[in-house]
Amino acid sequence: MSGVEQRVSTVRFVKQRSGIVLAIVAAAVMLGGCARNAPQDTFQPAGENARRINNLQLPVFIIAGVVFAIVLGMVLFIVVRYRDRGQEMPKQTHGKPALEIVLTIIPAIILIGVGIPTVSTVFSLAKTSDTQCVINVTGQQWWWEYEYPVQTCGGVNIAEPIVTSGELVLPTKVHVLLRITSNDVIHSYWIPKLNGKRDAVPGRIHPLRMEADQPGIYAGQCTEFCGLSHARMRMDAVGLYTADFATWVANQLQLAPKPTDAMALRGEDTFRTQCSRCHQVNGLMEENADGTNSDKPVISFPDLYVVAGNAPNLTNLMTRTTFAGATWDLLNDQCRKALHDASPDKFGALYLKGVTPDCFNEADLREWIRNAPAKKPMYSSEAQKAQNGGKYRGMPNLNLTDNQIDEIIAYLLERK
Amino acid sequence: MAIIERPSTVPALAGGGAPQFVTPSSSYGVFRRPVSSTGWRSWLFTVDHKKLGLMYGGAAMFFFLVGGVEALLIRTQLAAPDNTLLSASLYNQLFTMHATTMIFLFVMPVTTGFANYLVPLQIGARDVAFPRLNAFGFWCFLFGGIFLNTSWFLGGAADGGWFMYQPNANALFSPSHGVDFWSLGLQITGIASLTGALNLIVTILNMRAPGMTLMKMPIFTWMVLVVQFLLVFAIPVITVALFLLMFQRVFGAQFFNVDAGADPLLWQHLFWIFGHPEVYILILPSFGIVSEVLPVFSRKPLFGYKFVVFSGAAIGFIGWGVWAHHMFASGLGPVSVAVFSVSTMLIAIPTGVKIVNWTLTMWGGKLRFTTAMLFAIGLIVEFTIGGLSGVTHSVSPSDTQQTDTYYIVAHFHYVLFGGAVFGIFAGFYYWWPKVFGKMLSETLGKWNFWLMVIGMNLTFGPMHILGLQGQPRRMVVYPEKLTGEGFFNLHFWNTVASVGSYILATGILMFLINVLHTARKGAKAPLDPWDARSLEWLTASPPKAHNFDVIPHVHALDEYFHLKYEEVDTDAGPRLVKVKTAEELLAEQEANADEHIHMPSPSYWPMIVAIALPIIAYGIIFSKVLAVAGGAILLLGMFAWSLEPSVADDSDYDPPQGGAPSKELASV
């Protein structure tokens, strides 16, 4: 066969094998075709530990890509070069041990090159000795609770414990140690831009270090399958400059005042009878017969009603931007976008405004209060309560009237 | 002509007197031992390794379609964000059962089917060492699989994920009976795996044809041997775990409950000590298949046979030391994580050896791109993608970002679909003429291959992007607001993956059409259509009931090839010359056929003992009385089995007509 003929038949071959060409084009499109600004992108670190991981994984991905290109190139070459063109029966070689030993040692060397930085990164990620702030994180079906113990957190004094949920607020450029556990099944805490995952296992406390470079909202999701509403168990981390963080702390520690608005005042009544069995509002008091506050605080006891023994503290609900496992927004689309797009310097002030009436996304919260399990599947019907040993998993449908819902929303809108 | 001996005289009655015909009902009172070699009874009560291999394959393909429908439902739900097609509860059941079905009811049994059918043929034996145990294993698999799937109709399937992590899978958090069905069903199919493994180990070690040393054994048989050892050690671990799970759920035991002082991580360790070797149980048979297919269609011996054998064994060993890489996010501490990172990297070396050897097998060859060969080459490429993404997981810090995202889903589908399933399809196309005596259509085969290649890359390729850009697994919905911006956002890639899954399904449909087409109009296969190299091609297609008329004496690796070809010195150096055709070799076999061939007789008892197990399992879930009844059947069956001789008594056969000797010609 002459060279020209061979070239022609090679071209024909490539045409016949257009699937292979297609696959290569497809691979190229994929590499160039990633989503922009995906909130949980693992290649856009925004904190020290996530950056360590990224610095390690980038070269590994490149090496893997190069090795694949070599293998694919070899296979394509062989497929074209050694296809049956009526040539002689090939020599029956059984192998070349020297070649094989070399081809075994080369990957071993590559892997040593990958292994050493891996091990050193594992240990550097595990370092907790320079921690400047501690936050206790507890997972349960299907939301996260954060407790800030009494401490000086990155220079901000926290005089009394803070309990919040959904949004993990942390001062920027501070080494924050999360101490993660669970109240029921295994969950996993993951804010991709700040660090990798760490499972929340009942009976264990797992440390995970996080730092945020800049103010902003960092999306995250529970990543260990945790039952029915696993897909609706999310969380955000919120970075704030230290001064803003101090403002946030001071606000969180204030007790809820008695509402002044008449509607909200009725809402407080409804909340006391319908919600306060599970949901704590710090500062909510038992009422005297004349409608004034007694000196007896209303203490919730969710352990009697829900399997996890816990329900979100609603004292400062409207300082957060999401509810129900960070799944639905308290902000309407416009305000949400403004907050997420805010520059680092403007973010803090906007976030600390909380949910103002003109920014409030009432529709989702209303649906939730009307019938929570219809919006987010939970084991909280009466039949399921019997299966759960007499307790709910998640929030039940309280069969509230429209009036009651209006009142409760008015009351909650003042929780900031 | 070989002859299977059947009783030629009517047994005399005690006390002398004239011989009388024995009535068939005499052997078990009302029952007569099954002896038919044709008809449905010959399949139902068979102990023939070939029939059982086919039944394994057929049943596994049925479950493959079930698991495939589950997969299509999952992909349809995920085609767009915030989709409401499936409820969360149903979605959780679907992904749990999709994985369980594909692993335990498709890949494992279909590779067992290949091993069952081919190992005795490849080693020059007439059956496996324990034929009735073999039948028992098949029925355990089938009944266990059916039992598991009846949960769909009896209150809902398991919903805890195939890994069934505690405490999410205990009775409080998963109150339906689904997990009970799962733990009991897998215990039953586990019995199938364990008995099958012991049977094949004994068969391979003891029943090879004379001259076939271990290092002259066909590579597929070698990989099967490694897998059987993995099964022997891995199945007991999962069985213990399933047993504990069952006791925890059904009888209130406390093995994994924190409140009782136990630790839920114990389950994870038990599960993954089984779970990781399981990955190699799934993939090594396919490695064996392509290691047979590539040399045949390259017309060269396997490059570095010894390296391939030892790397397979090395994967089998190292596979036990990597389980905690499934738990890098579980909070094991940096020392464990570092150790398991390194051990996981180690396993890439023997795996890389295989890729290198397959590539070098083709190097310098004379490649024929049959469908079987295309699937084998496809495996090299697709498995390399899965293997390399596996190496990125061994980098544990990066794995804490990627674990439980779609990147992992992409990884193991490239390994299990691009690896295990492509190998299985290569095996179908390669051995179909051997097994059925008919050629699968190559035209439909090419459609089948290219649709599957395009479909699988469109389905699983985008999942790399989805995972790396933060989409977690096991989510019934993903919100629009997490999909990012631009045309190529995560919504786009999810839609591509869903479209790809339908293309993939079309490819598999092509295979089914091909099978039907071949059954009706398929061309009769030549005796040796591929110019093959191993012993299974020495016998007729389909093989005779007793496999070989005379047991071959083995002198070399690729014995069959060396029977056909000889190296002749010419002026231009040594040349291969064909000295015998397949037909001549078969004629030689038939001419020298053994006079006396004893094959084991069919039996009811393997099936009866096996059917007792799901009855007990239903009893454990629904009624203690039923469990006792099942136990009684089990005991009775075992008792009867142990008293039954392996070869049927003379009295079990129909009396000879007119006193003539009853001998059955064995050739097909």
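The structure is a predicted model, in which local features need pLDDT of at least 70 and side-chain atom pairs count only at pLDDT 80 or more, while totals for chains, interfaces and linings use all residues. Residues are numbered from 1 along each chain as its sequence is written, chains are lettered from A and ligands numbered from 1 in the order in which they are written, and side-chain values use heavy atoms, with hydrogens and water left out.

Side chains of opposite charge can pair when their charged atoms come close. A salt bridge is counted here when a side-chain nitrogen of Lys or Arg lies within 4 Å of a carboxyl oxygen of Asp or Glu. Over all chains, 34 salt bridges are found.

One of them joins A:Lys258 to A:Glu287, with the closest N and O atoms 3.0 Å apart. This pair links distant parts of the chain, 29 residues apart. A:Lys258 sits in the loop between α5 (242-252) and α6 (262-275) of chain A, and A:Glu287 in strand β13 (residues 285-287). Helices (H or I, at least four residues) and strands (E, at least two) are DSSP runs, numbered from the N terminus. Burial is judged by relative accessible area: buried means under 20%, exposed over 50%, and partly exposed in between (1.4 Å probe, protein chains only). A:Lys258 is partly exposed at 28%. A:Glu287 is partly exposed at 30%.

A:Glu407 pairs with A:Arg266 in a salt bridge, the closest N and O atoms being 3.4 Å apart. A:Glu407 lies in helix α12 (residues 402-413) and A:Arg266 in helix α6, so the bridge ties together parts that are 141 residues apart in sequence. A:Glu407 is buried at 12%, whereas A:Arg266 is partly exposed at 43%.

Within helix α6 of chain A, A:Arg272 forms a salt bridge with A:Glu268. Their closest N and O atoms are 3.1 Å apart. The two residues are four apart, about one turn of the helix. An α-helix has 3.6 residues a turn, so residues three or four places apart point the same way. A:Arg272 is buried at 13%, and A:Glu268 is buried at 3%. Salt bridges link A:Lys258, A:Glu268, A:Asp269, A:Arg272 and A:Glu287 in a network.

In chain B, helix α3 (residues 88-122) has 35 residues. From first C-alpha to last, α3(B) reaches 48 Å, close to the expected 51 Å; the expected span is 1.5 Å times one less than the number of residues. α3(B) bends by about 30° at B:Thr101, the bend being the angle between axes fitted to the seven residues ending there and the seven starting there. Of its 35 residues, 32 are buried, so α3(B) is largely enclosed by the rest of the structure. Just after α3(B), B:Gly124 takes a positive phi of about 75°.
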